[in-house]
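Let's read a protein model together, one feature at a time. Have the sequence and the picture open as we talk.

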Amino acid sequence: MNIEYMTQVKENPVLEGFKNRSFSLDKIKQIEQKFNHGKEFPKAFREFLFLAGDFNNIAFDGIDGIEELQEYAKEDLEKTKQKVDKPFFAFHVYDGLYSVIFLDETNEDPKVYMIDPFEALEGSTLISIPKGGFKENYTFTELVNESIRRIKDNISF
């Protein structure tokens, strides 16, 4: 696969002793079939999965892997009786707050959004853009690059 967006992931296969493990193109196609009706993910996200989908050194997945993370997100939405009307793919979770890309957007490098079903249950917004230490409206590549920079510079989030 030609890497256009995830150059920082490619150049940093090991960070703080953690080594990225990739998904094969066949595995990526299986995940696209399962979670996106066979339609390809945005290019930047496909590159990420190709370089670091099975395990990544920037903690962009769940403890049980990226596929199981989709099930956790759906379960949390069901528990809180929240609904997201757009198809999404979660790539990170922290304390019930999911980082996602929307799969119906057409950009090769999609914007990143946050889904917080438990806060929405309390009256907050279900879907938002990252804030607080992050610039607003990060693309997936910008968020990945910023995460790598912070790890290399030993800066907490």
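This is a predicted model: local features need pLDDT of at least 70, side-chain atom pairs count only at pLDDT 80 or more; totals for chains, interfaces and linings use all residues.

Q: How many bridges join β5 to β6, and which way do the strands run?
A: In general, strands of a sheet pair through backbone hydrogen bonds, either parallel or antiparallel. Two strands count as paired if DSSP finds at least two bridges between them. Here, strand β5 (residues 113-115) and β6 are joined by two bridges and run antiparallel.

Q: What is the order of the strands in the open sheet?
A: Its four strands go β3-β4-β5-β6, with antiparallel pairing. β3 and β6 (127-128) are at the edges with a single partner strand each, so one side of each has no neighbour in the sheet.

Q: What joins β3 to β4?
A: Six bridges do, and β4 (residues 97-102) runs antiparallel to β3.

Q: Is D95 buried or exposed?
A: Buried means under 20% relative accessible area, exposed over 50%, and partly exposed in between (1.4 Å probe, protein chains only). D95 sits in the loop between β3 and β4, and its relative accessible area of 74% makes it exposed. β3 tells another story: five of its seven residues are buried, so the strand is largely enclosed by the rest of the structure.

Q: Which residues of α2 are buried?
A: They are I28, I31, E32, F35 and N36. Look down the axis of α2: the buried residues fall within an arc of 105° (taken from the directions from the helix axis to the C-beta atoms), so they line one face of the helix. The face turned away from that buried side carries the exposed residues D26, Q33 and K34.

Q: What do the buried residues of α2 pack against?
A: Contact means heavy atoms within 4.5 Å. The buried residues of α2 pack against α3 (43-52), α4 and β3. Just after α2, H37 takes a positive phi of about 55°.

Q: What does A52 touch?
A: A52 is in helix α3 and counts as buried, at 0% relative accessibility. Leaving out residues up to four places away in sequence, A52 touches V9, N20, R21 and S22.

Q: How many residues line the second largest pocket?
A: Rolling a probe the size of a water molecule over the atoms shows where empty space is left. On a 1 Å grid over the protein atoms alone, a pocket is an open set of points where a 1.4 Å probe fits, with protein on both sides within 12 Å along at least five of seven lines; lining residues have an atom within 4 Å of a point. Here 16 residues line the second largest pocket, with F35, K74, K86, P87 and F88 nearest its centre. The elements giving two or more residues to that lining are α2 (25-36), α4 (66-79) and β3 (88-94).

Technical notes: Residues are numbered from 1 along each chain as its sequence is written. Side-chain values use heavy atoms; hydrogens and water are left out.
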